[in-house]
Amino acid sequence: MAGGEPPIGTQAMLSLDGLRALIEALAERGYQVLGPTVRDGAIVYDEVAKLADLPSGWTDQQDAGRYRLERRTDNALFGYAVGPQSWRRFLHPPIERMWRAHRTEDGFAIDATAVEAEPSKFAFLGVRACEIHAIAIQDKVLVEGPYVDTGYQRRRRDNFLVAVNCGQAGGTCFCASMNTGPKVDAGFDLALTELLDESDHRFLIEVGSVAGAEVLSALRHHAASPEDIAAADAVVARTAGSMGRVLDTKGLKELLQSNPTHPRWDDVAARCLSCANCTMVCPTCFCTTVEDHSDLTGQTAERVRRWDSCFTADFSWIHGGSVRPETKSRYRQWITHKLASWIDQFGTSGCVGCGRCVTWCPVGIDITVEAAAIRATPATSTETDHGRT
Amino acid sequence: MAERRRPRLAVWKFASCDGCQLSLLDCEDELLAVADAVEIAYFPEASSVMAKGPYDLSLVEGSITTAHDAERVHKIRRQSKFLVTIGACATAGGIQALRNFADVNEFVAAVYASPQYIKTLATSTPISSHVKVDFELNGCPIDRSQLLEVISAFLAGRKPAIGNHTVCIECKLRGTVCVMVQGTPCLGPVTHAGCGAICPSFNRGCYGCFGPKERPNTASLAAEWLKLGATPRDLHRVFRTFNAAAEPFRQEADAHGD
């Protein structure tokens, strides 16, 4: 190993033992290492302490409303698509106490000691290209706008990302349609491509940041050969060619925004459960509600923030009732925001093509199919006034 | 601070198993705080002291199954500033509402040695079918932390922070992997949150103990159950449990014969 840290963009080779050392190196640097592991019949993101925690030899079969684990014929560690819930769970936790207060002689005071100390900084192992794009979208929404989510900002500042280039596309993946994968292009500290054949199991590792360079310098590695790089490129190219789904994004924003009265909304509402699973698993959804609680004695109160969804009636409840009482209007709101008005709001689509909303819909409603159905029979211009339902 | 008059709490029982009012006694750590915060004026399950009304908050458990109870609930309403129903019996008629779909006299004849002593109505109905209810707390049984939330909210004069969304949201908040997508039929997508999604966390489908969520699409869920291998009889039975008389569940059970 040469002296000094490898420059950003360096591509090197890491052995299986090197990956083990990577997990240890991150833990030594004070990171809580989170990565893929098998639990409850799925590959979920949770604490990873050792190589054996990774889902060696497992893959996921995903389709609309269906998920099951299957054995692979090899011992790939990253041979699956994406987990049931995204990294959002750690960066933007489902339930977070905003503050707690106690009653005083003449009013109330915020209880400073109740603000929980940040427990740890997170290193994510196995972040996919679509997920990096999703994190970038949440950065834009939660940090780069006028109102900064300081908790999220702190967690992101301390966040170390080890990306993985996808070795196979899942049945509901369509990142190629959304230009968000399968190859990671930016926003990572280190990126791995898993290379596996009968004789060898190793990783091409790419440096994406100064912090990544420092970590790689502590690991035993060697230079990548042109053959290694070609093999890694072939992995990603093969994945790009095997997407389970396609979403035609051409003119999609205008298409959805000009079809508020399309009959397809009634059709999808007949199937939609308004259960909110799609929004709960989406890596870019960020909506929350706040709940105020007071105790029995009236001496303490707290404000808690928790994930909410545009599929609940409470979400759009204003004085007198819900703005979106019907499932039809909730589904239309969700898909139109995600694929269209998100672009007006944040300059990017809200969809990264990870396929989670398709897989984890209990009745298998498919965002790519619904968008295609609107495209198949778009409204004529006389039918597009927004007020009609 | 000047001593404020403690609000007066009453706990009432109609046709029920007592499980929901016992969840108040089951509050353990918080029970003393409850007893401090309110005057427990009427709670026969807990105390032999039965003080007269009026009451600031009445918790009502159980359903209306007799003519006598149908009158008694009006008296309770008149004495109560706020009336909150607790549990599936009080909010939906309970498991005993199965009589609504059969001949109650046949049940009486089958169960009692001397059926002539039994005077009962042909139906079991929720409290809200008889008097105005200020808040309904679902569940069979109710969740005790939700009960504390409701009591705290009424004491503070605020709205209880209790959503009417699905069990699915609770699964996702706690990180439980969806059992239905993995092949296990589950009522979570049509069921009111509140239990904390207990059954899916043990890899079981939801049984619907908390009754229908707001605007449930039971027909779509039932169609998916059939795809997963459930029979129409399974569907009929699964919607005919503790919340059988809740209208969306009643309709879906009817749609699948018996």
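What volume does the largest cavity have? In this predicted model, the largest cavity has a volume of about 130 Å³. A search of the whole structure returns five cavities of 30 Å³ or more.

**The largest cavity**

The lining of the largest cavity comprises 16 residues, and those closest to the cavity centre are Cys272(A), Cys278(A), Phe311(A), Cys361(A) and Ile365(A). Two elements of chain A, helix 10 (277-281) and helix 11 (327-346), each give two or more residues to this lining. By residue class, the lining holds 14 nonpolar residues and two polar residues, with no charged residue.

**The two domains of chain B**

Chain B is assigned domain 1 (8-156) and domain 2 (167-254). The C-alpha centres of these two domains of chain B are 25 Å apart. Their contact draws 15 residues from domain 1 of chain B and 15 residues from domain 2 of chain B. The values for this pair of domains are set out below.

| Quantity, domain 1 of chain B with domain 2 of chain B | Value |
|---|---|
| Distance between C-alpha centres | 25 Å |
| Area buried between the domains | about 1,100 Å² |
| Share of the buried area from carbon and sulfur atoms | 63% |
| Salt bridges between the domains | zero salt bridges |

Which residues of domain 1 of chain B lose the most area to domain 2 of chain B? They are Phe101(B), Asn138(B) and Cys140(B), which together account for 43% of what the domain 1 side buries. Carbon and sulfur atoms give 63% of the area buried between the two domains of chain B, and the count of salt bridges between these domains is zero.

Note on methods: Residues numbered from 1 in each chain as written. Chains lettered and ligands numbered in written order. Predicted model: local features only at pLDDT ≥ 70, side-chain atom pairs only at ≥ 80, totals over all residues. Heavy atoms only, no water. 1 Å grid on protein atoms, 1.4 Å probe; cavity = no way out; pocket = protein on both sides within 12 Å on 5 of 7 lines; lining within 4 Å. Points joined across faces, edges and corners; volume = space filled by probe spheres on them. Helix = DSSP H or I, 4+ residues; strand = E, 2+ residues; numbered from the N terminus. Nonpolar A, V, L, I, M, F, W, Y, C, P; charged D, E, K, R; others polar. Domains from an automatic or database assignment. Contact = heavy atoms within 4.5 Å. Buried area = accessible area lost by both parts, 1.4 Å probe. Salt bridge = Lys/Arg side-chain N within 4 Å of Asp/Glu carboxyl O.
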